[in-house]
Amino acid sequence: MIFETYSYPRAAVIGNPSDGYFGKTIAFLFSNFEARVQLYETPELQILPERLDGTNFNSIKELVEDVNLAGYYGGMRLLKAMIKIFYEYCAANNIKLDDRNFTIRYKSNIPFRLGLAGSSAIITACLRALCMFYEVTIPKPIFANLVLSVETEELGIAAGLQDRVAQAYECPVCMDFDRDLMESRGYGEYQELDAKNFPHFYIAYRKNLSEGTEVVHNNLKARFEIGDPRVLQAMLRWGQITEDFKVALSNNDYQSMHDLINENFDLRRKTINISKGNIEMVELARSVGASAKFTGSGGAIIGTYTDRTMFNNLHNTLSRKGIEVIKPNIVNN
């Protein structure tokens with residue numbers, strides 16, 4: 001029997017990057033792209049490489065282009081680390097696994113290193129497949145924590161919980177990473193939302209801006225830990241922006257949502273250094289009347305638009321600069 005599982009990219013609607021700093025966020029998954037994992041029983045345990053794990057290139061230029069697009073590592077390390085974490089979780093919780101082995105492979109068309117949670121989508125799909133194969137049930141908040149631990153503890157990548165929570169719940173989620181809750185039980189308060197109440201969202205991305213989240217967040221984490229007043233104040237405000245957005249959502253107040261999305265990015269721009277290419281993307285989107293902020297750590301943006309005319313203007317304006325624009329198919333279980 002072949003077990004096939006899927007996970008999808010994440011778009012941070014509001015509140016990021018406060019999720020890694022006891023803040024509040026709202027995020028959803030969208031199925032325009034996907035990470036897929038296949039797992040089936042075999043005599044030996046084997047992890048099969050995908051395109052991003054290749055080591056053969058036609059030229060030095062091709063190698064450099066590959067690194068610029070996908071970084072230095074593919075997805076095999078993600079699978080390997082998730083299998084290790086899964087085994088250790090089961091052992092710690094007296095969950096006995098049978099002696100079967102398996103072959104596992106992955107495939108992903110999620111634009112990589114653009115703040116769309118492509119890596120955690122692969123890890124999530126892997127954990128989902130392992131749970132199906134061994135018939136193990138893991139509560140969603142713990143599931144999200146295990147996925148996060150693959151990157152932060154096993155691989156040393158700076159990351160926050162919101163990607164993994166959205167991917168564990170497979171629906172839009174409002175997340176409160178309250179410090180007391182996080183320190184006492186290890187996870188926050190997660191409320192599922194209905195996408196039917198959302199405004200019109202677009203997502204735009206520029207592949208040549210690919211940059212790992214660890215590059216963006218390492219400096220921010222250090223500043224947070226030493227108590228940089230600007231960073232601490234920004235985290236508090238991002239949390240309040242999320243609360244205000246939630247109220248606007250319940251009131252169908254689209255103008256307030258538009259303004260809060262813009263404020264989220266403007267505060268980020270005052271707090272963290274942002275590249276010219278990313279700033280240009282946001283400013284181009286705003287030039288046609290749309291709101292705009294990062295979907296994650298940079299390289300892709302999300303925002304709202306009012307109607308088809310504005311979306312067409314947005315698409316035409318950004319595409320002239322080589323920027324892809326899509327309407328997200330929001331996953332809403």
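Let me start with arginine 128, which is buried in this predicted model, its relative accessible area being 16%, and that value falls in the buried class because the class takes in everything under 20%. What does the side chain of arginine 128 meet in a salt bridge? The partner is glutamate 170, and the N to O distance between the two side chains is 3.4 Å. If we look at where the two residues sit, arginine 128 belongs to helix H3, which covers residues 118-134, while glutamate 170 lies in the loop between helix H5 (162-169) and strand E7 (173-176), so this pair ties together parts of the chain that are 42 residues apart in sequence.

Let me move on to a second pair, in which arginine 164 forms a salt bridge with glutamate 151, with 2.5 Å between the closest N and O atoms. Here arginine 164 is in helix H5 and glutamate 151 is in helix H4, residues 140-154, so that the pair links distant parts of the chain, 13 residues apart. Are these two residues buried or exposed? Both arginine 164 and glutamate 151 are buried.

For the structure as a whole, the number of salt bridges is 20.

Now to helix packing, and again to helix H3, which packs with helix H2, residues 76-92, at an angle of about 45 degrees, the two axes lying 9 Å apart. H2 and H3 are therefore oblique to each other, and their crossing is right-handed. Which residues meet in this contact? From H2 come Leu78, Leu79, Met82, Ile83 and Phe86, and on the side of H3 they meet Ser119, Ile122, Ile123, Cys126, Leu127, Leu130, Cys131 and Tyr134. By class, the residues of the contact of H2 with H3 divide into 12 nonpolar and one polar, with no charged residue among them.

Conventions: Residues are numbered from 1 along each chain as its sequence is written. This is a predicted model: local features need pLDDT of at least 70, side-chain atom pairs count only at pLDDT 80 or more; totals for chains, interfaces and linings use all residues. Side-chain values use heavy atoms; hydrogens and water are left out. A salt bridge is a side-chain nitrogen of Lys or Arg within 4 Å of a carboxyl oxygen of Asp or Glu. Helices (H or I, at least four residues) and strands (E, at least two) are DSSP runs, numbered from the N terminus. Buried means under 20% relative accessible area, exposed over 50%, partly exposed in between (1.4 Å probe, protein chains only). Axes are lines fitted to C-alpha atoms, for helices over the stretch in contact, and angles run from 0 to 180 degrees between N-to-C directions. Angles under 35 degrees count as roughly parallel, over 145 as roughly antiparallel, 65 to 115 as roughly perpendicular and the rest as oblique. A crossing is left-handed if the near helix is turned anticlockwise from the far one by less than a right angle, and right-handed if clockwise. Contact means heavy atoms within 4.5 Å. Ala, Val, Leu, Ile, Met, Phe, Trp, Tyr, Cys and Pro count as nonpolar, Asp, Glu, Lys and Arg as charged, and the others, Gly among them, as polar.
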